[in-house]
Amino acid sequence: MNLNVSSLYSRAALLAALMPAAAAAAPEAAVLARPALKTERIHSRSFLALAMAGKRLVAVGERGLVALSDDGGGSWRQASTPVSTTLTSVSFVDGRLGWAAGHAGTILHTADGGASWTVQADGRRIARLVQASVPTLDAGAAAGMAVVAAQLLADGPDKPFLDIQFSDARNGLAVGAYGLAVRTADGGRSWQSFMHQIPNPKGLHLYAVRMTGDAVWLAGEQGYVARSAGVGRDFQRIETPYRGSYFALAANGSGVVLAGLKGNAFRVSQDGAGFTRIEGAPPVSFSGVTRLKDGRFAFTNQAGQVLLSSPDGARLKALQAPPRAPLSAVVESDGGRLVLAGAGGLEIVGQDVTRNGGRP
């Protein structure tokens, strides 16, 4: 399976992009070996994810592009990256250490706040990791994972990671298409598959991962949500009120906020037993969610809207804005502005939504 990456700007769009692509799609081996091209007007390109590296903004997106801003999103410059495969997610633990993940099983690492990146893993290495895990499993699990490993090796590096998160400088998780899931406990110097620990026999796509304390949450297609209370080693699937795909997770104290297709969003309790619907969203698929410094949440959707939660988290209200292209991510800058990423590029929300005037 090949992926046509040129038009992929959100996790929602991946549902279509995971279908067999046109023959013109670039071979995965080529994009893994070719550095990202220098690009004019970097802020106008398609970006899929945002993160804060200390006070610096870091955006990742199509064809291996990484953009940096040290003035709250007012201006952007391109970073050097060793691959030209689309990057779907990014996570920083401080102003220096960060990781990005994306198509072709790519995981990149930076130790200088995103200015330069090195490859820690790609789809070929990931397939070998899954194969290496088979002899360590009991007979029942080994049989299934042997089939998965054989398929990954046969397909080549064509499975994308869709989300990555690090809780500190050593511990991180990355998840993706067809149940792809790896972990590290040494900052990415080595990775291990934990696909066999996730109850996902259909190999559903995993779109989001979040760690909250010792708990790990996974969200994916067809209403898939799973939670581990033991640092990612005893996952249990959780039944949800909505059976459509979930694309975004954000920590909410010890629980999470979950968002997905057709404007469905929920606050989920710490134990995963309680779901409270968040009202007020139009029936448009969510693409991203982030927790603001004041405890509220900001959501993005495929209609190019930004929606803010009420202080109690129960309702959403869309910010007034001119029509824009679909959005994929939102983050609050060090200066308190919302910065957006999407198919139309990078932009700052006009009003300061962290002050009373921006409250819904």
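Reader: What makes strand S10 and strand S11 a pair in this model?
Author: Happy to start there. In this predicted model, four bridges join S10 (residues 172-176) to S11 (residues 181-184). Two strands pair if there are at least two bridges between them, so S10 and S11 count as paired. The two strands run antiparallel.

Reader: Why are S9 and S12 called edge strands?
Author: The sheet is an open one of four strands, in the order S9-S10-S11-S12, with antiparallel pairing. Strand S9 (161-166) and strand S12 (192-193) each pair on one side only, and they are the edge strands.

Reader: How do you know that S21 and S22 pair, and which way do they run?
Author: Five bridges join S21 to strand S22 (residues 297-301), and a pair needs at least two. They therefore qualify as paired, and they run antiparallel. One of the links is between threonine 290 and its bridge partner in S22, alanine 298. S21 and S22 form a hairpin, with five residues between them. Glycine 295 lies in the turn and has a positive phi of about 95°.

Reader: What makes strand S21 mostly covered?
Author: A residue is buried when its relative accessible area is under 20%. In S21 (residues 286-291), five of the six residues are buried, and the strand is mostly covered. For the chain as a whole, buried residues make up 57% of the 360 residues.

Reader: Why are helix H3 and helix H4 called roughly antiparallel?
Author: The axes of H3 (residues 123-133) and H4 (residues 139-155) cross at roughly 160°. Angles over 145 degrees count as roughly antiparallel, and H3 and H4 are therefore roughly antiparallel to each other. Their axes come within 9 Å, and the crossing is left-handed.

Reader: Which residues of H3 and H4 meet, and what classes do they belong to?
Author: From H3 come Ala127, Arg128, Val130 and Gln131, and they meet Met145, Val148, Ala149, Leu152 and Leu153 in H4. By class, this contact has seven nonpolar, one polar and one charged residues. Arg counts as charged, so Arg128 is the charged residue in the contact.

Reader: How many helices and strands does the chain have?
Author: There are four helices and 27 strands. As for contacts between residues at least 6 apart in sequence, 47% join residues at least 24 apart.

Definitions and conventions: Residues are numbered from 1 along each chain as its sequence is written. This is a predicted model: local features need pLDDT of at least 70, side-chain atom pairs count only at pLDDT 80 or more; totals for chains, interfaces and linings use all residues. Side-chain values use heavy atoms; hydrogens and water are left out. Buried means under 20% relative accessible area, exposed over 50%, partly exposed in between (1.4 Å probe, protein chains only). Axes are lines fitted to C-alpha atoms, for helices over the stretch in contact, and angles run from 0 to 180 degrees between N-to-C directions. Angles under 35 degrees count as roughly parallel, over 145 as roughly antiparallel, 65 to 115 as roughly perpendicular and the rest as oblique. A crossing is left-handed if the near helix is turned anticlockwise from the far one by less than a right angle, and right-handed if clockwise. Contact means heavy atoms within 4.5 Å.
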